[in-house]
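Please keep the model open while reading.

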Amino acid sequence: MTKINYLFIIVLSLFMTACQVSQQQNSTSIVNQWQNHQHDLEQINTFQVNGSIAHFSNKTRSYGRFLINQQSDDRFDIKLTTPVGTSILSLKVEPNYAQLIDKDGNNYNGNNIEDLMSKVSNVNIPLNSLHNWLKGYSNNSSADKLDKSGRLTATEFIQNNNKWQLKIASYSTYTFRNKKIDLPSSIELNHNDELIRLKISNWILR
């Protein structure tokens, strides 16, 4: 082996080692950013969020607007309207109790919010974990996918015996307790033949 070839092998080996170290450092940095972001998201328990919603299935397609007021993890109100503002339904959720009022003023009550929503509106949506996926929070390390800024881009979870895939296409930056925090602005939920897309216009954090 010539001296030139030997030198080339040494340089190549050092270069590959440096790349591996750099990749490991980048991976560690992303995980650390994600852990810090998770901690910040855990502090957000009260908020208001509004935007547009689209629901697709093999049989139907529907579009509307939504307004969510969350007082705590298990206390929140949801209002759905048509794109022009006509009421579709309103939903009030408390621990072990849910009340739904449809567009005709009919009142429905139940203990399982997801079963009630599916029965009345024919829309299956993981409302019991709304306070997590809506914020872009997850702790499923085996399924969580992160971007270079340490934010969640995709994951999956089980809710009410249904497996859901979550994708977050974009984020917007807000201020919470004098600190900048990124929250989802475009969300996609997928379960079997159902697809739900949320375009978030604004977050109000309290």
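The sections below move from the basis of the values to the overall fold, the sheet, the pockets and the loops.

## Basis of the values

The model is predicted, so that local features are reported only where pLDDT is at least 70 and side-chain atom pairs count only at pLDDT 80 or more, whereas totals for chains, interfaces and linings use all residues. Residues are numbered from 1 along each chain as its sequence is written, and side-chain values use heavy atoms, with hydrogens and water left out.

## Overall fold

The chain has 3 helices and 11 strands, where helices (H or I, at least four residues) and strands (E, at least two) are DSSP runs numbered from the N terminus. Along the sequence these elements follow the pattern α-β-β-β-β-β-β-α-α-β-β-β-β-β.

Of the 206 residues in the chain, 38% are buried, a class that requires under 20% relative accessible area, with exposed meaning over 50% and partly exposed in between (1.4 Å probe, protein chains only). The accessible surface of the chain comes to about 12,200 Å², and 49% of this surface belongs to carbon and sulfur atoms; accessible areas come from the Shrake-Rupley method with a 1.4 Å probe, and for residues only the protein chains shown count as cover. Among the contacts in the chain (heavy atoms within 4.5 Å) with a separation of 6 or more, 44% are between residues 24 or more positions apart.

## The sheet and its pairings

The 11 strands of the open sheet have the order β6-β5-β4-β3-β2-β1-β11-β10-β9-β8-β7, with antiparallel pairing. The edge strands are β6 (107-110) and β7 (145-146), each of which pairs on one side only. Two strands are taken to pair if DSSP finds at least two bridges between them.

Strand β4 takes part in two hairpins that can be followed residue by residue. The antiparallel strands β3 and β4 are joined by 6 bridges, with leucine 80 having leucine 89 in β4 as its bridge partner; 5 residues lie between these strands, and glycine 85 in this hairpin takes a positive phi near 105°. β4 and β5 likewise pair in the antiparallel sense over 6 bridges, and serine 90 has isoleucine 101 in β5 as its bridge partner. The hairpin of β4 and β5 has 2 residues between the strands, and asparagine 96 in the turn has a positive phi of about 60°.

Elsewhere in the sheet, β8 (residues 152-159) and β9 (residues 162-176) pair over 6 bridges in the antiparallel sense, and alanine 154 stands opposite lysine 167 in β9.

## The two largest pockets

On a 1 Å grid over the protein atoms alone, a pocket is an open set of points where a 1.4 Å probe fits, with protein on both sides within 12 Å along at least five of seven lines, and its lining residues have an atom within 4 Å of a point. Grid points are joined across faces, edges and corners, and a volume is the space filled by probe spheres set on the points. The largest pocket holds about 540 Å³ of space. Of the 31 residues that line the largest pocket, His55, Ser62, Leu80, Met117 and Val123 are the closest to its centre. The elements giving two or more residues to this lining are β1 (47-56), β2 (61-72), β3 (75-81), β4 (87-94), α2 (113-121), α3 (130-133) and β11 (194-205), and β2 supplies the largest share, 7 residues. The lining divides into 18 nonpolar, 10 polar and 3 charged residues, where Ala, Val, Leu, Ile, Met, Phe, Trp, Tyr, Cys and Pro count as nonpolar, Asp, Glu, Lys and Arg as charged, and the others, Gly among them, as polar.

The second largest pocket holds about 210 Å³, and its lining includes Thr82, Thr86, Asp102, Lys103 and Asp104. Two or more lining residues of this pocket come from each of β4, β5 (97-102) and α2, with the largest share, 3 residues, coming from β4. The lining of the second largest pocket divides into 4 nonpolar, 4 polar and 3 charged residues.

## Loop residues

Most residues other than glycine have a negative phi. Asparagine 122, in the loop between α2 and α3, has a positive phi near 65° and is exposed, with a relative accessible area of 61%. Asparagine 192, in the loop between β10 (179-191) and β11, has a positive phi near 50° and counts as exposed at 64% relative accessibility.

Threonine 60 lies in the loop between β1 and β2 and is partly exposed, with a relative accessible area of 43%. The C-alpha atoms of threonine 60 and glutamate 194 are separated by 9.6 Å, although these residues are 134 residues apart along the chain.
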